[in-house]
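Trainee: Please show me how to read the features of a model, starting with the contacts.

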Amino acid sequence: MSNLLYWVVPVAVVAIIGILIALRERRPQAPDASVSDFSRQMNALSKRAVIRYPDDGERKQAV
């Protein structure tokens, strides 16, 4: 059982240090950054979508 601690403790320490480094090195984001990213993605999707309607001469307009 004590031999297991020689493996578990170093692995846990390396994992914690790795998580702390990853959290510290990530880019800072403004609180509204996710909103602007979402808006940008939706605009890109709406520009890409092409809706073709059959041209039957009569198009009804929404009220």
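**Reading a helical model**

Mentor: Arg40 and Asp37 both sit in helix α2 (residues 33–48), three residues apart, about one turn of the helix. This is a predicted model, in which local features need pLDDT of at least 70, side-chain atom pairs count only at pLDDT 80 or more, and totals for chains, interfaces and linings use all residues. Residues are numbered from 1 along each chain as its sequence is written, and side-chain values use heavy atoms, with hydrogens and water left out.

Trainee: How many helices and strands does the chain have?

Mentor: Helices (H or I, at least four residues) and strands (E, at least two) are DSSP runs, numbered from the N terminus. The chain has two helices and zero strands.

Trainee: How many salt bridges does the structure hold?

Mentor: A salt bridge is a side-chain nitrogen of Lys or Arg within 4 Å of a carboxyl oxygen of Asp or Glu. The structure holds one: the side chains of Arg40 and Asp37 meet at 3.2 Å, N to O.

Trainee: Is Arg40 buried or exposed?

Mentor: Buried means under 20% relative accessible area, exposed over 50%, and partly exposed in between (1.4 Å probe, protein chains only). Arg40 counts as exposed because its relative accessibility is 54%, whereas Asp37, at 33%, counts as partly exposed.

Trainee: What share of the chain is buried?

Mentor: Buried residues make up 2% of the 63 residues.
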